[in-house]
Amino acid sequence: MKNTTSAINTLGNTTLSVGELGFGCAPLGNLYRAISNQQAKNTLEAAWNSGIRLFDTAPHYGQGLSERRLGDLLRQKQDQGYVLSTKVGRLLRPAGYRAQRHGFHSPMPFDSHYDYSYDGIMRSFEHSLQRLGLDRIDVLLIHDLGQATHGAHHRQHFHTCMTSGYKALDALRRDGRIKAIGMGVNEYQVCEAAMAHGEFDCFLLAGRYTLLEQGALTSFLPKCVERNSAVIIGGPFNSGILASGTQTNAAPNYNYQPAPAEVIQSVERIEAVCRHFQVPLPAAALQFPLAHPAVCSVIPGMCSAEQIQQSIDLLSYTIPGEFWAELKSCGAIGEFAPVPGEKLRCG
């Protein structure tokens, strides 16, 4: 397999180093479809052999299945320079077997329950170590805080997390049991709000800074640069539409559901520029967020060796500067959005 040649970046103010391409482990939890243990193993080994060293998982992914599968690989790679992140905010409890939970076709007989308290964070950390079968986790991320996830309960969960759960994360960091703390969410607004309550090393932001969406440019990303808080971009394809495009047999997905008409129109405008410059849409989508000085890594979901190689090829695809200029000229991306070739690294 072709090795990655992407830059290595420092994760905020920490001593951790990550490549521009990381591995998002939600597919290892059988997200939307089941994969075999052998396929999961082969995919992880392909990622490792390609040079990928950043692995992000969560108890929620397959109700523990993703952590178990990832731990089986990393247990053989101790002291070989990987960076492991997992998440807190949910605890798993026995719930009997069901064919599907929360989009995961997992055989694990558990269900998750929100707990952002000090004790909940500490228990989640210990439980993850046991599922992983490892003695260390590098990064702990608060999972899925936000209005879109919790609705009327968001304010209560946010208050609990900032006044109680954050203290657990900070204690684990000060004791050296973890090296970095952050948030793994789908809303940049909650990350920005959390900055007023603590010092966060990094944020994993899914789907909210992409070729299609740049609302985070206004104030959140500048604050990250100011504080040297690194940003990892998840969901760079907005759950599908920036990978498949609009000309597909099935309805293109956006935010894990069929894309609305206005989103399809926005992507069609980007596709027209891609056709003119003969640039693959997913190559532009994967490279675009990395141009921002706060962004250190992008982690698309991958569940096969072929998809890993495709991501590597897309990341290294040569895109002319005129392409990005045309996207700005036609209003497809923001006028002040950093684009590849303009980036000044921070950290």
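Modeller: A term is needed before the lining can be described: Ala, Val, Leu, Ile, Met, Phe, Trp, Tyr, Cys and Pro count as nonpolar, Asp, Glu, Lys and Arg as charged, and the others, Gly among them, as polar. The model is predicted. By those classes, the lining of the largest pocket holds 23 nonpolar, 20 polar and 7 charged residues. That lining is made of 50 residues, and the space in the largest pocket comes to about 1,600 Å³. Nearest the centre of the pocket lie Ala26, Leu31, Tyr32, Ser239 and Tyr256.

Several elements give two or more residues to the lining: helix H4 (147-150), helix H8 (241-244) and helix H11 (305-316), together with strand E9 (180-185) and strand E10 (202-206). Of these, H11 gives the most, with 4 residues.

Strands E9 and E10 also belong to an open sheet of 8 strands, whose order is E3-E4-E5-E8-E9-E10-E11-E14 and whose pairing is parallel. At the edges stand strand E3 (23-24) and strand E14 (295-299); each has a single partner strand, so one side of each is left without a neighbour in the sheet. Further in, strand E5 (residues 83-88) and strand E8 (residues 139-143) run parallel and are joined by 4 bridges. Val88 has Ile142 in E8 as its bridge partner.

The helix contacts come next. Two packed helices are described by the angle between their axes and the distance between the axes. For H3 and helix H5 (residues 154-174), the angle is about 45 degrees and the axes are 6 Å apart. H3 and H5 are therefore oblique to each other. On the H3 side, the contact is made by Tyr118, Ile121, Met122 and Phe125; on the H5 side, by Ser164, Gly165, Lys167, Ala168, Leu169, Ala171 and Leu172. By class, the residues of this contact are 8 nonpolar, 2 polar and 1 charged.

H3 (residues 118-132) also packs with helix H2 (residues 65-74): their axes come within 7 Å and cross at roughly 55 degrees. That angle makes H2 oblique to H3. Here Ser128, Arg131 and Leu132 of H3 meet Glu67, Arg68 and Gly71 of H2. The contact of H2 with H3 has 1 nonpolar, 2 polar and 3 charged residues.

Note on methods. Residues numbered from 1 in each chain as written. Predicted model: local features only at pLDDT ≥ 70, side-chain atom pairs only at ≥ 80, totals over all residues. Heavy atoms only, no water. Axes fitted to C-alpha atoms, helices over the stretch in contact; angles between N-to-C directions. Parallel < 35°, antiparallel > 145°, perpendicular 65-115°, else oblique. Contact = heavy atoms within 4.5 Å. 1 Å grid on protein atoms, 1.4 Å probe; cavity = no way out; pocket = protein on both sides within 12 Å on 5 of 7 lines; lining within 4 Å. Points joined across faces, edges and corners; volume = space filled by probe spheres on them. Pairing = 2+ DSSP bridges.
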